[in-house]
Amino acid sequence: PKWCMRRQVRRDAIEVFHGTNHRLAAYGRYRSVITVHDLALERFPQHSKKIFGQRWASWRSSRAFARADRIIAVSHQTAQDLHDYYRIPLERINVVHHGGSLARNVDHTDITLEFLKQRYGLHGGGYILHVGGGGPRKNISGLLEAYSMLGDLRRRYQLVLVGGMGRWMEQIAQKMRQLDLTNDVVITGYVAQEHLVAFYRHASLFVYPSLYEGFGIPPLEAMASGIPVITSNTSSLPEVVGDAAVLVDPLQPATLAQSIKAILNDASIGESLRQKGLSRVKEFSWEQTARNTLAVYTG
């Protein structure tokens, strides 16, 4: 409960209280800081699972933002969203990027491609990977449409969707049946961390056509794993990947399909993206995130 948190903060003489996920349950003696990861439900309120809709949650968030001494946004896109939706002056917002999960992905894994094929029922020479949930803004439907346009490449490359599809599973399955993709698409659900590392490492291509992200860690994980990346030209994703990925309009499945074909059919394009990705991901580290966060506390 909030009152317990406040009592503990007073008892321990906490100087700075940092609410790391939209909420500000207490206040430090000198400073209170709140981190905002995205404003997805402001953009897509129809996807909210809250009983009373998004309006009440937005009101609570506005109060928390007003009380905080400083606000951390994980991207310039999120900072702009805070300004656009809540009229927060940009000078009150510090942009602190997330780090790349380098430690999880660059280390070699003992799990082989053959193990993944046997464990998850994969077939063919390789696979196209997507990691994330099944909510509409993740644009799984658009990805499936693009994949259905690949022709003979579907025989060589399955589409693997790693992550929990949640309440959207039936809609996704229906889309797969509609496009006759049931035998070509594998949905793993949540997987163990070591299996996720292996899925990244052995993938031929990573595709992430999200409609909106406050930051977007999966493309960084893919680049750190040394695989080429296609992602959206929307929200924070261009900010994260720079020129190290192919950017496409997520609402144009045909364009996405063309980009997938180009990379899978031309090894030189994939190798160029791989090298750019490995370089780009070095610009993001959790150590730098920690240093920049500390600067917000002391600034």
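Glu-170 is partly exposed at a relative accessible area of 49%, where buried means under 20%, exposed over 50% and partly exposed in between, computed with a 1.4 Å probe on protein chains only. Arg-177 is likewise partly exposed, at 48%, and the side chains of Glu-170 and Arg-177 meet in a salt bridge of 2.8 Å, N to O; the term requires a side-chain nitrogen of Lys or Arg within 4 Å of a carboxyl oxygen of Asp or Glu.

Lys-175 belongs to helix α9, residues 169-178, helices being DSSP runs of H or I with at least four residues and strands runs of E with at least two, numbered from the N terminus. Lys-175 is buried, with a relative accessible area of 15%, and, leaving out residues up to four places away in sequence, touches Ser-141, Leu-144 and Glu-145, contact meaning heavy atoms within 4.5 Å.

## Basis of the model

The model is predicted, so that local features need pLDDT of at least 70 and side-chain atom pairs count only at pLDDT 80 or more, while totals for chains, interfaces and linings use all residues. Residues are numbered from 1 along each chain as its sequence is written, and side-chain values use heavy atoms, with hydrogens and water left out.

## Other salt bridges

The count of salt bridges comes to ten. One of them joins Asp-152 to Arg-155, with the closest N and O atoms 3.8 Å apart; Asp-152 is exposed at 53% relative accessibility, and Arg-155 is exposed at 66%. Glu-283 pairs with Arg-280 at 3.2 Å between the closest N and O atoms, and here Glu-283 is exposed at 53%, whereas Arg-280 is buried at 16%. Arg-137, Lys-138 and Glu-213 are linked in a network of salt bridges.

## Contact of α6 with α10

In the contact between these two helices, residues of α6 including Phe-115 and Leu-116 meet residues of α10 including Ala-198 and Phe-199. The residues of this contact divide into six nonpolar, two polar and one charged, with Ala, Val, Leu, Ile, Met, Phe, Trp, Tyr, Cys and Pro counted as nonpolar, Asp, Glu, Lys and Arg as charged, and the others, Gly among them, as polar.
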